[in-house]
Every structure is written in structure tokens, then in C-alpha cells.
Amino acid sequence: MAATDHTALGPLVGAIDQGTSSSRFLVFNAKTAELLSHHQVEISQKFPKEGWVEQDPKEILNSVYECVEKTCEKLKQLNINISDIKAIGVTNQRETTVVWDKTTGEPLYNAIVWLDLRTQSTVDRLLKRIPGKNKSFSKFKTGLPLSTYFSAVKLRWLLDNVEEIRKAVDDGRAMFGTIDSWLIWSLTGGKNGGVHCTDVTNASRTMLFNIHSLDWDPDLCQFFEIPEEILPKVRSSSEIYGLMKICPSLKSGALTGVPISGCLGDQSAALVGQMCFQDGQAKNTYGTGCFLLCNTGQKSVFSEHGLLTTIAYKLGRDKPVCYALEGSVAIAGAVVRWLRDNLGIVKSSEEVEKLAAEVGTSYGVYFVPAFSGLYAPYWEPSARGIICGLTQFTNKNHIAFAALEAVCFQTREILDAMNKDCGIPLSQLQVDGGMTNNKILMQLQADILCIPVVKPSMPETTALGAAMAAGAAEGVGVWSLNPGDLTAVTSERFEPQLNPEESEFRYARWKKAVMKSMGWETSETPSNGDTSIFSSLPLGLFIMSSMVMLIGAKYVSGK
């Protein structure tokens with residue numbers, strides 16, 4: 001096919017979308033919001049111990065470089081001039097924690113991923129210092145409960161357990177950041193003048209940031225015993241942070257000199273990309289986890305039903321900050337990856353839809369994927385995953401269907417909480433994220449919520465949000481965020497087809513299953529994670545000697 005001439009496209013904006021399971025670089029037309037090209041690289045997750053989830057910060061960075069380079073090659077093949085890329089936005093998995101050495105540019109430990117549970121003992125220890133062991137002690141400063149989920153406890157664990165990090169802090173060499181900070185610092189020069197910053201949306205997920213003063217909170221830094229000098233400078237979500245520098249591993253150095261001028265945590269970016277700029281507008285993103293955000297405007301609303309208060313965006317240095325209520329579910333797309341990688345019952349994510357479609361029901365099977373405890377609205381770290389309602393009739397199709405239903409039930413729980421907190425029930429749900437390509441899932445979601453589900457035909461709303469923030473930044477000015485200039489989004493609607501009584505019955509059964517998943521884990525389990533029967537030496541010797549006697553007895557009796 002002959003390449004099309006795209007010479008008259010006008011300004012373009014790139015977006016780095018660094019997620020839990022992959023990195024992508026996407027390029028949009030700033031005038032039409034059309035996606036022109038992209039490249040994706042899957043990244044590995046390491047599970048060194050039960051409940052531990054890590055990633056290699058260098059692998060993340062190299063995957064971003066690869067995506068940038070490959071996308072630029074694709075644009076050239078389309079006769080698109082890469083010099084028309086006027087800005088780059090960054091959006092990222094939030095809370096994931098990196099500490100690196102600013103003199104060498106090397107990470108001092110693997111990134112501890114948001115899903116990681118190793119810090120439960122750290123949380124328990126910190127709780128003992130709070131009057132009444134109140135998990136919500138900083139709710140009105142941070143909007144967050146004390147949980148393994150947020151960066152402060154991950155950073156505390158690193159300082160307590162990694163000698164190299166303690167030494168780097170003492171020597172003044174350590175830098176802390178969430179993934180956005182690590183990427184921006186590295187892309188703007190790294191050890192040679194890299195910019196150490198974050199934006200308000202990512203900072204609001206650390207538990208160290210005051211969401212009203214928009215500064216690191218000295219009292220919280222003192223409580224977690226974290227030195228403020230290792231923290232990044234907090235900026236707005238839309239301003240020029242620095243310029244892309246050439247990287248030795250990036251052969252073309254294609255985007256050297258292009259400003260990085262947008263930064264939003266992935267869920268905030270999706271809210272912007274879905275153009276939820278009005279109070280009461282909400283979106284649900286189906287990625288590794290599931291995240292429902294409702295814009296509450298310039299007013300921070302505090303939940304009575306287990307939701308988080310978070311910063312939605314601040315689109316410019318002099319622009320007002322806007323807040324959101326958020327319902328966070330740890331495991332959504334991750335349950336599909338688990339069916340593929342851990343159980344091996346599917347070879348690809350697409351196969352789950354096919355298996356579920358073949359049966360059209362879970363046949364009474366309920367799957368609570370509490371692999372990392374339960375997030376909103378329960379905040380129950382002791383929960384663990386369960387599959388219940390199994391019979392001899394159950395097969396892998398039913399489990400695949402139950403896994404998809406689990407994503408929908410979890411969304412229903414956080415939507416119910418959101419409706420109670422906001423007082424105005426949502427009349428439809430705007431959705432985005434990789435899992436929305438699954439039509440069975442989208443129809444199930446409409447059936448379980450009993451409201452229409454609306455999916456934009458261009459599903460890359462997270463990257464689009466980062467591109468919009470970057471293109472609209474002062475000094476770039478190629479993307480207008482005026483309501484009249486925003487392009488109308490075409491979308492697909494899924495109407496509820498299940499009668500509400502059936503939907504309510506299934507939801508009640510799900511709630512019953514959730515209750516059975518709780519209180520499973522305690523922090524008193526053996527600290528080395530070795531729960532094998534042989535971990536007790538006397539018991540192990542007893543079992544071994546019993547086995548030897550049994551074998552001997554069989555030998556003597558001639559059997």
C-alpha cells in the first residue's frame with residue numbers, strides 16, 4: 001500500500017503511557033485528536049516472594065525509549081514529519097516507588113509496584129503510633145487511608161530494609177520518585193542535569209502530600225521519617241518541565257529538544273482524555289486494576305463509603321486545582337493475566353472472551369480476585385482470592401466468565417459508594433482502557449450496573465489526556481482545552497439487557513463471596529514466607545522418619 005502524504009497535518013503531540021503491564025508511545029494530531037501511530041512493549045513483573053511485586057526501572061526506561069524510536073520509524077513510513085511533534089506528555093502507573101542514585105543514574109533497588117503487599121507489617125507498626133489505630137488519620141490532608149497501596153509506606157520499607165538506599169540518603173545521593181519522576185529525570189538528562197519533578201496528581205498518591213496546600217507535608221514526612229530533600233519538586237500537570245535529551249541507547253535521538261510538558265497519573269489522564277471537565281462527570285478505566293473517578297471540581301469531597309479523595313488535575317501553573325472521588329479496585333485486567341500466566345487455561349487475553357461467550361453464564365461460580373487484599377470500598381488487606389460455588393459441572397469456561405463478572409461486580413461496588421457520596425446517581429458510565437475491547441465484559445457491565453455503558457471508539461483516552469495536557473501547556477500552545485474547541489467523541493453504547501431482579505440476585509451472591517474472602521491472612525505468618533510443612537524442623541524430621549518407616553515396612557512385607 002502506498003504511503004499517504006501527511007505533510008499538512010499541522011502540530012502533533014506525543015504521549016508516553018507507562019502502565020503496569022506495558023509501555024506505549026502514541027502520537028496524536030493536536031487539531032483533530034486523531035491517533036496517528038503508536039508502539040507498545042510488554043514489561044515483566046517480578047514476584048520474588050508471596051505478595052511482593054517488583055519491576056526493573058531500567059527495563060521500564062528502555063521500553064519507553066524503544067516505543068519512542070519504533071513509533072518515530074512508523075511515522076516516517078507514513079510520510080509524517082517527526083519534527084511536527086511539538087510536545088510530549090507522560091502518564092504512568094501511580095504509587096509505584098523508585099529510589100535511584102543521582103550521581104550514577106542507576107536505580108538502588110527494583111521499583112516496588114502499587115500492588116505490592118510486603119509493607120503490611122510496616123503499616124501495622126505505623127498504626128500502633130496513631131491514637132485509636134485510626135487508618136484515616138491523615139484523610140483530611142491526603143484524602144487517603146493508611147494502606148500498603150501508597151508510596152510513603154513503600155519508601156519507608158526501602159529505608160528500613162535496603163542498606164544501599166540508607167547509605168545513599170546519608171550521602172545525599174538518593175532521589176525518590178514515582179514512575180513519572182524516574183522517566184522525566186532520565187529523559188531530560190538523568191545524571192547530566194535531569195529534572196527531578198512530579199505533578200500534583202502523582203504527588204497526591206504518596207501519602208506525603210497535602211492536597212489543599214499543594215506541598216509536601218512536613219508533619220507527614222516526620223511521621224513516616226522520610227527526608228524531604230529526596231522528594232521531587234511538585235509542579236502542575238501542564239507546563240514545560242524540561243527538554244528531551246539524546247540517549248546513547250536511542251539511535252535516532254529523534255525527539256531531542258522536544259519539551260516534556262504534560263504529566264498526569266494514569267487515572268487523572270483518563271479523566272482528562274474522556275473530557276470529564278464538569279462536576280459530576282465520571283469515567284471508569286479497566287486496566288491492570290479498575291479505577292472509577294468522578295470530578296468534584298474545585299471542592300474536595302471526603303467519602304463516607306471507602307472512596308479516596310484525590311487530585312484530578314491542575315492544567316497549568318496558574319490554573320485552579322480540581323479534585324476527584326476515586327474508587328480503586330486492585331485486580332481487573334490482572335485477573336485475565338493470572339488465568340493466562342499462572343493457571344495456563346488461556347493462551348491470550350482475547351481467549352477469555354471466547355471461553356466466556358461459549359457458556360454465557362458462570363453457572364453459580366463466583367471469583368473474588370483479592371490477590372492484593374481488597375481495595376475500595378473495603379480496604380481490607382487480610383482478604384485473599386477465592387473461587388466458590390464450584391461443582392463437578394464447572395469447567396474453565398465458567399471460571400473465565402466468573403473472572404469477567406468479578407470485574408463488573410467490583411465496579412458495581414465502587415459505583416454504589418460513589419452514588420451514596422455524591423447523592424446523584426450516574427445515569428450512564430463512560431469507560432476506557434484495554435479491557436473495554438471485550439464486548440462480553442462491556443455488556444455484562446451494563447447488565448450488572450443496570451445503566452448504559454458508553455465506550456469511546458478511540459479507546460486510548462489515558463494517552464490522549466497526557467497529550468492534551470502537554471499540547472495545552474504555556475509555551476507550547478498547540479492544543480486548545482476550551483470546551484468549544486474540544487472534538488466530539490464518537491462512542492459505542494451497551495444497554496442493560498438483564499432484568500434488574502436477576503442482576504440484584506447475582507450481586508447479592510457476589511457480596512456473600514466477598515465476605516468469605518476476608519480475614520484470611522494475618523501479619524503473624526512466618527516472616528520468611530516459608531509456610532511449607534518442612535519449615536518446622538521437628539515436624540519435618542517426624543514426617544521424613546515416618547515415610548522411611550512406611551517404605552521399610554512395605555519392603556519387609558514383600559509388597
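1. Valine 453 has phenylalanine 494 of strand β23 (residues 491-494) as its bridge partner, and valine 454 is bridged to arginine 493 in β23. In total, 4 bridges join β22 to β23, and the two run antiparallel. Strands here are DSSP runs of E with at least two residues, helices are runs of H or I with at least four, and both are numbered from the N terminus; two strands count as paired if DSSP finds at least two bridges between them. The model is predicted, so local features need pLDDT of at least 70 and side-chain atom pairs count only at pLDDT 80 or more, while totals for chains, interfaces and linings use all residues. Residues are numbered from 1 along each chain as its sequence is written, and side-chain values use heavy atoms, with hydrogens and water left out.

2. Strand β22 (residues 453-456) sends Val453 and Lys455 one way and Val454 and Pro456 the other, and all are buried. Buried denotes under 20% relative accessible area, exposed over 50%, and partly exposed in between, with a 1.4 Å probe and protein chains only. Strand β21 (residues 429-432) pairs with β22 in the parallel sense over 2 bridges; leucine 429 has valine 453 of β22 as its bridge partner. From β21 the chain passes through helix α13 (residues 439-449) to β22, a right-handed β-α-β crossover. Right-handed means that, with the strands pointing away from the viewer, the path from the first strand over the helix to the second runs clockwise.

3. These strands belong to an open sheet of 7 strands with mixed pairing, in the order β17-β18-β16-β15-β21-β22-β23. From one strand to the next, the twist averages 30 degrees. Axes are lines fitted to C-alpha atoms, for helices over the stretch in contact, and angles run from 0 to 180 degrees between N-to-C directions.

4. Contact means heavy atoms within 4.5 Å.

5. Asparagine 499 is placed in the loop between β23 and α15 (500-517). A polar atom of the asparagine 499 side chain lies 2.9 Å from the backbone nitrogen of glutamate 502. The C-alpha atoms of asparagine 499 and aspartate 447 are separated by 7.9 Å, although the two are 52 residues apart along the chain.

6. A second open sheet has 6 strands in the order β3-β2-β1-β5-β14-β13, again with mixed pairing. Strands β3 and β13 (238-243) each have a single partner strand, so one side of each lacks a neighbour in the sheet. The twist averages 25 degrees from one strand to the next. Helix α1 (residues 57-77) lies across β1 (12-18), β2, β3 and β5 (85-92), running at about 145 degrees to β3.

7. Within that sheet, strand β2 (residues 22-29) and strand β3 (residues 35-42) pair in the antiparallel sense over 7 bridges. Serine 23 has valine 41 of β3 as its bridge partner, and arginine 24 has glutamine 40. The hairpin of β2 and β3 has 5 residues between the strands, and alanine 33 takes a positive phi near 65 degrees there.

8. Helix α4 (residues 151-161) is largely enclosed by the rest of the structure, because 9 of its 11 residues are buried. Among them are Val153, Leu155 and Trp157, together with Lys154 and Arg156. The buried residues of α4 pack against β6 (97-101), β7 (111-112), α2 (120-127), α5 (163-170) and β8 (174-178).

9. On confidence, the protein chain averages a pLDDT of 88, and 90% of the residues score at least 70; pLDDT is the predictor's confidence in each residue, from 0 to 100. Over residues 1-6 the pLDDT is below 50, and this stretch has 8 contacts in the model beyond near neighbours in sequence. Residues 546-551 stay under 50 as well, with 0 contacts beyond four places in sequence. Where pLDDT is low, the predicted coordinates should not be read in detail.

Conventions
A polar contact is a pair of N or O atoms within 3.5 Å; within protein, one must be able to donate a hydrogen and the other to accept it, and residues adjacent in sequence count only if both atoms are side-chain atoms.
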